[in-house]
Amino acid sequence: MSEAPEKSKELFERLWRGVGDPLLTASIYFLARSELAPRLLAQPSTADELAQSKGWDPRFLRGVLHLLTAHGFLTESTEGLFRLTELGALLTDEAVAETVVDRFEIDFPVYWALAQAARPGPPVFERVHGKRFYEFLRAERRYGLRFQSELAAEATRSGGSLATSYDFSAVRSVVDVGGGSGRFLAEVLRPHPRIHGWLLDSGPALTDAPALMATAGVGDRFTAVQGSFFEEVPPGHDLYLLKWVLPDWNDEDASRILTNCARAMRPDSRLLILDPVVPSAGPPPEWQRLDLLFLLFVEGRLRSLTEMGSLLARSGLELESEHAPDPGFRLLSCRKRPKAPG
Ligand SMILES: C[S@@+](CC[C@H](N)C(=O)[O-])C[C@H]1O[C@@H](n2cnc3c(N)ncnc32)[C@H](O)[C@@H]1O
């Protein structure tokens, strides 16, 4: 066979892999949504038995179960009994099933509407769901908590890494601005018994933060502040933290947050920004997908060091030093810009 047809076959394979299989996606969603997985775990059943118990069309159900069997979620015995495989059994976990349902009902409609981002207007998420992303998270508590739980592992790891790499010896009070669940703050406080932490957030995870802090052994050195960083940041503390917050916002909103941090800071306070910082030419491959998601969901963006510098300057702050604690991430230590004399 000549090289050209081989090449075109490979290209077509890549094309169809990219297009994916919405029928399989929809069938996995159906398995998660219908709560069939726990039922099949308890009792392997035929399509007719399942259809009868739910009042569904058995032909429809058999079709879906066969597709899921072909993709390794189920097995079918010679008597027509469907059983969950190890893969299918993942959907018996309520949190996993809910994540699949949220992906399908909340995230995917935003992806399908991707082309709307070509025209000026609110973020695609808002055009699709009628609310800003974080307003939606506040209204849909379960989705809001899942969002925080997806950030949990990274927050715990980077909090632990900051706690040991930054010099906290002169610090007595820390405010984590937009600190979410408090996991990051808990890790910072844990090895530093002389520091009290304030957690400012407007999201649903804040209500669970006191329990999380108590479990981390820092419950008596922690204050939860329910509020918006667009209104006010608790004033007069030694250190302010902003992690994974600025990429959520366009320049105007990001500058409002930074200006409120600057207002809250004393001349000797410091603000630590912990975010990915991308080259001026744009995000490298490992951040490109996330950068697109920021655009679609919140109209935010990853920024270069130069862009961060201008954002800081227009917000009354300046960069004092920068470190790279993790690949791709930068820790920017900032202070208030001294007022020009006169
Ligand atoms: C991407 S999360 C980062 C959370 C945390 N800093 C971390 O790195 O895990 C952004 C956080 O900003 C919070 N947030 C959004 N709008 C806010 C507002 N107006 N005021 C305070 N917090 C807000 C969200 O609830 C969320 O916890």
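## Overall arrangement

The centres of domain 1 and domain 2, taken over C-alpha atoms, are separated by 43 Å. Domain 1 covers residues 3-92, and domain 2 covers residues 154-336. The structure described in this report is a predicted model.

## Surroundings of the ligand

Which residues are the closest to the ligand? They are G178, G180, G203, S228 and W244, within a surrounding shell of 18 residues. Two elements, helix 10 (141-165) and strand 4 (196-201), each give two or more residues to this shell.

The shell around the ligand can also be described by residue class. Nine of its residues are nonpolar, six are polar and three are charged.

## Helix 2 and helix 5

Two packed helices are described by the angle between their axes and the distance between the axes. For helix 2 (residues 22-33) and helix 5 (residues 58-70), the angle is about 110° and the axes lie 10 Å apart. Angles of 65 to 115 degrees count as roughly perpendicular, and helix 2 and helix 5 are therefore roughly perpendicular to each other.

On the side of helix 2, the contact is formed by L23, L24, S27, F30 and L31, while helix 5 contributes V64, L67 and L68. By class, seven residues of this contact are nonpolar, one is polar and none is charged.

## Helix 4 and helix 5

Helix 5 also packs with helix 4 (residues 47-54): their axes come within 9 Å and cross at roughly 125°.

Six of the contact residues are nonpolar, none is polar and two are charged.

## Helix 13 and helix 15

A further packed pair consists of helix 13 (residues 251-264) and helix 15 (residues 305-314). Their axes are 9 Å apart, and the packing angle is about 55°. Helix 13 and helix 15 are therefore oblique to each other, and their crossing is right-handed.

Which residues of helix 13 and helix 15 meet? Helix 13 supplies D251, A254, S255 and L258, and helix 15 supplies L311, L312 and R314. This contact comprises four nonpolar residues, one polar residue and two charged residues.

Definitions and conventions. Residues are numbered from 1 along each chain as its sequence is written. This is a predicted model: local features need pLDDT of at least 70, side-chain atom pairs count only at pLDDT 80 or more; totals for chains, interfaces and linings use all residues. A residue is near a molecule or strand if its C-beta atom, placed from the backbone, lies within 6 Å of it. Helices (H or I, at least four residues) and strands (E, at least two) are DSSP runs, numbered from the N terminus. Ala, Val, Leu, Ile, Met, Phe, Trp, Tyr, Cys and Pro count as nonpolar, Asp, Glu, Lys and Arg as charged, and the others, Gly among them, as polar. Axes are lines fitted to C-alpha atoms, for helices over the stretch in contact, and angles run from 0 to 180 degrees between N-to-C directions. Angles under 35 degrees count as roughly parallel, over 145 as roughly antiparallel, 65 to 115 as roughly perpendicular and the rest as oblique. Two residues are in contact if their C-beta atoms, placed from the backbone, lie within 7 Å. A crossing is left-handed if the near helix is turned anticlockwise from the far one by less than a right angle, and right-handed if clockwise. Domain bounds come from an automatic or database domain assignment.
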